[in-house]
Amino acid sequence: MKQDRRGSWYLLTGAVLGVSFGLFYSWVISPVKYVDAPPYALRADFKDDYRALVAAAYLYSGDLLRAQDRLAQLKDDETAQTLAMQAQRALAEGRPEEEVRALGILAMALGGGVMPDTSSLTPTQAATFIPPTSGSTPTPLLIEPTASPTMTMQTSPTSQSTVNIPQSTTSYQTPQTETPTPTQGAPFVLQETQLVCNINQPEPLIQVEIKDAAGQPVPSVEVVVAWDGGEDHFFTGLKPELSLGYADFVMTPLVVYSIHLTDGGKTAGDLTAAECVADDDSRYWGSWFLTFVQP
Amino acid sequence: MSRWTKFLIAVILGAAAGLFYGWVVNPVEYVDIAPVSLRVDYKTDYVLMVAESYQVDHDLGLAVRRLALVGSSAPTDIAANALNYALQHEYASQDLSLLQSLGEALLTWNPNQEIPTP
């Protein structure tokens, strides 16, 4: 009778103790160890490092498919746009120019742009490097090169080392893709200057759109705007929601501007804020839209 | 069934419920991890990317700093581990060559020559 009055609370107590034990075991005795994690689980700054490394590696190999595979591991929504935005962030943060350039080139390639020029690469041969094996004493490894369907580099033995791996030469073939390849190094030329009247755009802008020979927008291009007594620089790709090759600059009325790109090409001058007329005869500022293309 | 038996069953069921919740209903999600926690094949690819980028910039200090993200051991060991994994899994010969080149270059690396970056 006495036991019956205690009811079934002991069962709930047991369950709570069980859960507590499970949590104590999983959180204290044997906590989760983060191993075998995929790249998409990386912290945001490490993801940035990862993208920068993918881009740097792409400069060497020119293997766009491999770069895409690597970036896919990060599970970004818009890979090219993410790269372009990171390039802009890197630029703003004063990161090394090579990093910004690599990110921009890969972003451009993913958008259907150019392939990197790898002709100047010269892999070097230094002292013999023998990876340690499972034993305590390193032993030379003999490796028979195996043909791979993904092999794209022409290799030839150029030196004799302990590890028998063919050393690559300067000869290199980029993989066959459907990516158009515009003229390497050709400066952008001004294709069109147009006054754009948009009543929803209250400020007078100099709008720049830069495209490569394939008609694809080009991010991370430095644009120089100059006026009497001043100069400023801005970059394409800061507004990827509009276009990766787009950039704009707010004009001050009555000031005359000129525009040119840092990689050369002709200067577009005599740009000043111009007025447009609305349907109700009211006036508002128009914007100059300049299109640069790579021949 | 005795009260103690029921109690133990409740404990076991509670633990089972906790594990089911932790493993099935709301399993651990890997977020905000460091590269050192990457799976070994991803780590190897990471080292391969370092090797590829080294062929472009020839900046050994930068390569070492990048390798430091995937392990606390010596850079040569990290490269060697990657090369061993690549050998075991029959990576393409040019990838092996790149890892080999990086490892060889790291043998010449002297940390005392590194200029600290702000």
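Predicted model: local features only at pLDDT ≥ 70, side-chain atom pairs only at ≥ 80, totals over all residues.

Trainee: What makes α2(B) a mostly covered helix?

Mentor: A residue counts as buried under 20% relative accessible area, and 13 of the 18 residues of α2(B) are buried, so the helix is mostly covered. The helix is followed by H58(B), whose phi is positive, near 50°.

Trainee: Which span does α5(A) reach, and what is it set against?

Mentor: Helix α5 of chain A, residues 79–92, has 14 residues and reaches 20 Å from its first C-alpha to its last, close to the 20 Å expected at 1.5 Å a residue. Its buried residues are A80(A), L83(A), A84(A), Q86(A), A87(A), Q88(A) and A90(A), and these pack against α3, α4 (64–72), α6 and β4 (230–235) of chain A. Just after the helix, G94(A) takes a positive phi of about 75°.

Trainee: Is K75(A) buried or exposed, and how do you know?

Mentor: The relative accessible area of K75(A) is 57%, and because exposed means over 50%, K75(A) is called exposed. This residue is found in the loop between α4 and α5 of chain A, and its phi is near 60°, a positive value in a residue other than glycine.

Trainee: What makes up the lining of the second largest pocket?

Mentor: The second largest pocket is lined by 21 residues, of which R95(A), P96(A), E99(A), L62(B) and R66(B) lie nearest its centre. Two or more lining residues come from each of α3 (44–61) and α6 (97–110) of chain A, and likewise from α2 (40–57) and α3 (60–67) of chain B. The largest share, five residues, comes from α3(A). By class, the lining has 10 nonpolar, two polar and nine charged residues, and about 570 Å³ of space lies in this pocket.

Trainee: Which secondary structure does each chain have?

Mentor: Chain A comes to six helices and 10 strands, whereas chain B comes to five helices and zero strands, so that chain B, read along the sequence, follows the pattern α-α-α-α-α.

Trainee: What share of each chain counts as buried?

Mentor: With buried taken as under 20% relative accessible area, 39% of the 295 residues of chain A count as buried, and buried residues make up 47% of the 118 residues in chain B. Chain A exposes about 16300 Å², with carbon and sulfur atoms supplying 53% of it, while the accessible surface of chain B comes to about 6000 Å², of which 60% belongs to carbon and sulfur atoms.

Methods:
Residues numbered from 1 in each chain as written. Chains lettered and ligands numbered in written order. Heavy atoms only, no water. Helix = DSSP H or I, 4+ residues; strand = E, 2+ residues; numbered from the N terminus. Buried < 20%, exposed > 50% of the residue type's maximum accessible area, 1.4 Å probe, protein only. Areas by Shrake-Rupley, 256 points an atom, 1.4 Å probe, with all protein chains shown as cover. 1 Å grid on protein atoms, 1.4 Å probe; cavity = no way out; pocket = protein on both sides within 12 Å on 5 of 7 lines; lining within 4 Å. Points joined across faces, edges and corners; volume = space filled by probe spheres on them. Nonpolar A, V, L, I, M, F, W, Y, C, P; charged D, E, K, R; others polar. Expected span 1.5 Å × (residues − 1). Contact = heavy atoms within 4.5 Å.
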